[in-house]
Amino acid sequence: MDTVEAWYKDWKPSGRNERAEADIDARLIDKETVMTNESGRPIACVLELKGAAGKRADLLGKTLQRGITWDMPTANGGARLSGIRYGNRTFGTVAPQPLRRRYGCRQASFHAERPEIVGLLAEVFYGAWETFKENLPEVAEMTDNTTGESVHDDWRFADTPWTSGIINDNASLPYHKDSGNLPGSWSAMIVLRHKSDGGQLHLPEYGVSLECFDKSLVFFDGQATWHGVTPITLRNKEAFRRSIVMYSKQACR
């Protein structure tokens with residue numbers, strides 16, 4: 001696995017919902033790599049999901065392609081990015097929403113609708129967590145401790161530190177930070193794709209862009225790091241590029 005040093009440079013989007021361009025001026029990371037800052041601290045890691053978890057990820061990709069009901073946020077809100085319309089489904093723990101008179105955590109409705117998919121997600125992300133611990137043990141321990149100190153074990157998904165997840169369907173997301181995540185906890189993102197181009201994950205503060213190849217496994221601090229997805233091109237009707245992200249929500253404390 002390669003190690004790449006990426007220097008931090010202050011960056012902010014020029015406006016709301018700024019999108020990553022197709023041809024961005026950034027260093028492309030297209031294989032397993034650990035990225036560190038100038039002081040040697042890890043800032044992101046790209047791995048490939050292999051072994052049993054990788055095989056289950058293949059099955060997960062095929063199962064999602066057979067057709068599920070996608071939630072489509074309205075123009076005025078929904079999901080994690082207000083105003084952006086893209087198919088998605090959430091799983092894991094749904095945090096309390098007192099304004100809707102929901103005062104406790106609960107399981108996402110997707111668990112009852114498609115338990116076979118949630119079962120695959122549990123196997124895949126348990127494998128992702130084991131991979132995280134093996135390759136970045138100190139960061140994994142920090143993430144585990146951050147969640148363990150704040151969140152009840154009942155709200156953690158599949159014996160991982162993450163509470164909640166979202167499946168994004170061919171979503172070219174604008175630059176954002178995951179402000180609802182627990183500070184200090186890293187997110188895990190798995191990309192499943194077939195006959196699709198683009199869809200790189202751009203980290204503009206560090207001048208790097210991650211190719212997000214099929215079954216790529218990306219770990220990074222989404223709460224602290226600006227990130228966006230370049231445009232996605234689907235070559236035919238069977239093509240897809242789906243990102244599945246798991247994170248620990250502050251509101252589940």
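Tutor: A residue counts as buried when its relative accessible area is under 20%, as exposed over 50%, and as partly exposed in between. The model is predicted.

Asp169, with a relative accessible area of 15%, is therefore buried. Its salt-bridge partner is Arg242, and the closest N and O atoms of the two are 2.8 Å apart. This pair links distant parts of the chain, with Arg242 in strand 15 (residues 240-247) and Asp169 in strand 7, 73 residues apart. Arg242 has a relative accessible area of 6%, so this residue is buried too. Another group is a network in which salt bridges with shared partners join Asp71, Arg89 and Glu113.

The count of salt bridges comes to eleven. One of them is between Arg56 and Glu123, where the closest N and O atoms are 3.1 Å apart. Arg56 belongs to helix 1 (residues 51-65) and Glu123 to helix 3, and 67 residues separate the two. Arg56 has a relative accessible area of 31%, so it counts as partly exposed. Glu123, at 39%, is also partly exposed.

The whole structure holds eleven aromatic pairs. In one of them, Phe91 and Phe125 have ring centres 6.3 Å apart and planes at 40 degrees, so the pair is tilted. Phe91 is in strand 5 (residues 87-94) and Phe125 in helix 3 (residues 115-135), so parts 34 residues apart in sequence are tied together. Phe91 and Phe125 are both buried. Phe132 and Trp162 have ring centres 6.4 Å apart, with planes at 10 degrees, so this pair is stacked. Phe132 lies in helix 3, while Trp162 lies in the loop between helix 4 (137-148) and strand 7 (164-169), so the pair ties together parts 30 residues apart in sequence. Phe132 and Trp162 are buried. These four rings belong to a cluster linked by ring pairs, which includes Trp129, Phe157, Trp186 and Phe219 as well.

Methods:
Residues are numbered from 1 along each chain as its sequence is written. This is a predicted model: local features need pLDDT of at least 70, side-chain atom pairs count only at pLDDT 80 or more; totals for chains, interfaces and linings use all residues. Side-chain values use heavy atoms; hydrogens and water are left out. Rings of Phe, Tyr and Trp (its six-membered ring) pair if their centres lie within 6.5 Å; planes under 30 degrees apart count as stacked, over 60 as edge-to-face and the rest as tilted. Helices (H or I, at least four residues) and strands (E, at least two) are DSSP runs, numbered from the N terminus. Buried means under 20% relative accessible area, exposed over 50%, partly exposed in between (1.4 Å probe, protein chains only). A salt bridge is a side-chain nitrogen of Lys or Arg within 4 Å of a carboxyl oxygen of Asp or Glu.
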